[in-house]
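Here is a short briefing for a reader meeting this structure for the first time.

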Amino acid sequence: MLQSVKKVALVGYTALIGYVSLANDSSPDSVVPDLNSYGVPDLDKMAHLGAYTLFAVIAILALGLRSLKSIGLCAVVIAVYSGVLEGLQTLVPLREASWLDFFANDIGIMLGSLLMLWWLYPPKGRAKEMA
């Protein structure tokens with residue numbers, strides 16, 4: 001039961017990322033607010049990093065991945081999805097693809113993957129503390 005809930009969460013989050021990435025509404029009450037309007041430098045890049053960190057964590061948990069190879073493959077698949085979405089933004093009015101967004105996504109994917117590896121395989125000192 002819990003595993004199926006995790007998979008539904010993964011599918012839902014994947015769809016949410018796709019929808020938000022390709023939404024073309026830029027009005028003040030839009031689904032995707034203009035993060036640059038808040039006056040915080042690179043706030044949109046921080047949002048990309050956070051969203052894709054969470055994406056990697058959800059994917060690894062939902063798919064029950066444990067090996068370095070499977071987690072690495074998962075990271076590559078998410079990165080390809082990210083690249084496809086960035087490319088598709090060139091076809092959406094009021095949107096534009098950005099290499100910096102893509103790199104922020106990739107950094108988030110790596111961070112999420114590394115966090116999960118750290119959680120799944122704690123350093124020896126931390127493993128003793130957890131016991």
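A residue counts as buried when its relative accessible area is under 20%, and as exposed when that value is over 50%. By that rule, aspartate 101 and lysine 45 are both buried. The model is predicted. The protein has five helices and zero strands.

**Overall build**

- Along the sequence, the pattern reads α-α-α-α-α.
- The protein has 131 residues, and 34% of them count as buried.
- Its accessible surface is about 8,400 Å². Carbon and sulfur atoms account for 72% of that surface.
- Take the contacts between residues at least 6 apart in sequence: 72% of them join residues at least 24 apart.

**Salt bridges**

- The count comes to two salt bridges.
- One joins the side chains of aspartate 44 and lysine 45, at 2.7 Å from N to O. Both of these residues are buried.
- Aspartate 101 also forms a salt bridge with lysine 45, and their closest N and O atoms are 2.7 Å apart. This pair links distant parts of the chain: aspartate 101 sits in helix 4, lysine 45 sits in helix 2 (residues 43–63), and 56 residues separate them.

**Aromatic residues**

- The structure holds six aromatic pairs. One of them is tryptophan 99 with phenylalanine 102, an edge-to-face pair. Their ring centres are 6.0 Å apart, with 80° between the planes. The pair counts as edge-to-face because the angle is over 60 degrees.
- Tryptophan 99 and phenylalanine 102 are three residues apart in helix 4 (residues 99–120), so about one helical turn separates them.
- Tryptophan 99 counts as exposed, at 65% relative accessibility. Phenylalanine 102 counts as buried, at 17%.
- Tyr13, Tyr52, Phe55 and Tyr81 form one aromatic cluster.

- Serine 82 lies in helix 3. Its relative accessible area is 1%, so serine 82 is buried.
- Leaving aside neighbours within four places in sequence, serine 82 is in contact with Tyr52, Phe102 and Asn105.
- Valine 84 is also found in helix 3, which covers residues 68–88. At 45% relative accessibility, valine 84 counts as partly exposed.
- A nonpolar surface patch of about 660 Å² includes Val84.

- Leucine 94 is placed in the loop between helix 3 and helix 4.
- Its phi is near 70°, a positive value in a residue other than glycine.
- Leucine 94 is exposed, with a relative accessible area of 67%.

**Annotated regions**

- An unreviewed UniProt entry places the feature "transmembrane region" at residues 47–65, 72–90 and 102–121.
- In the model, residues 72–90 are 89% helix and 0% strand. The end C-alpha atoms of that span lie 28 Å apart.
- Residues 102–121 are 95% helix and 0% strand, with the end C-alpha atoms 28 Å apart.

Note on methods
Residues are numbered from 1 along each chain as its sequence is written. Side-chain values use heavy atoms; hydrogens and water are left out. Rings of Phe, Tyr and Trp (its six-membered ring) pair if their centres lie within 6.5 Å; planes under 30 degrees apart count as stacked, over 60 as edge-to-face and the rest as tilted. Helices (H or I, at least four residues) and strands (E, at least two) are DSSP runs, numbered from the N terminus. Buried means under 20% relative accessible area, exposed over 50%, partly exposed in between (1.4 Å probe, protein chains only). Patches are made of residues with over 30% relative accessible area and no salt bridge: like charges are joined within 9 Å, nonpolar side chains (Val, Leu, Ile, Met, Phe, Trp, Tyr) within 5 Å. Accessible areas come from the Shrake-Rupley method with a 1.4 Å probe; for residues, only the protein chains shown count as cover. A salt bridge is a side-chain nitrogen of Lys or Arg within 4 Å of a carboxyl oxygen of Asp or Glu. Contact means heavy atoms within 4.5 Å. UniProt positions are given in the numbering used here, feature names are shortened, and annotations may be inferred rather than shown by experiment.
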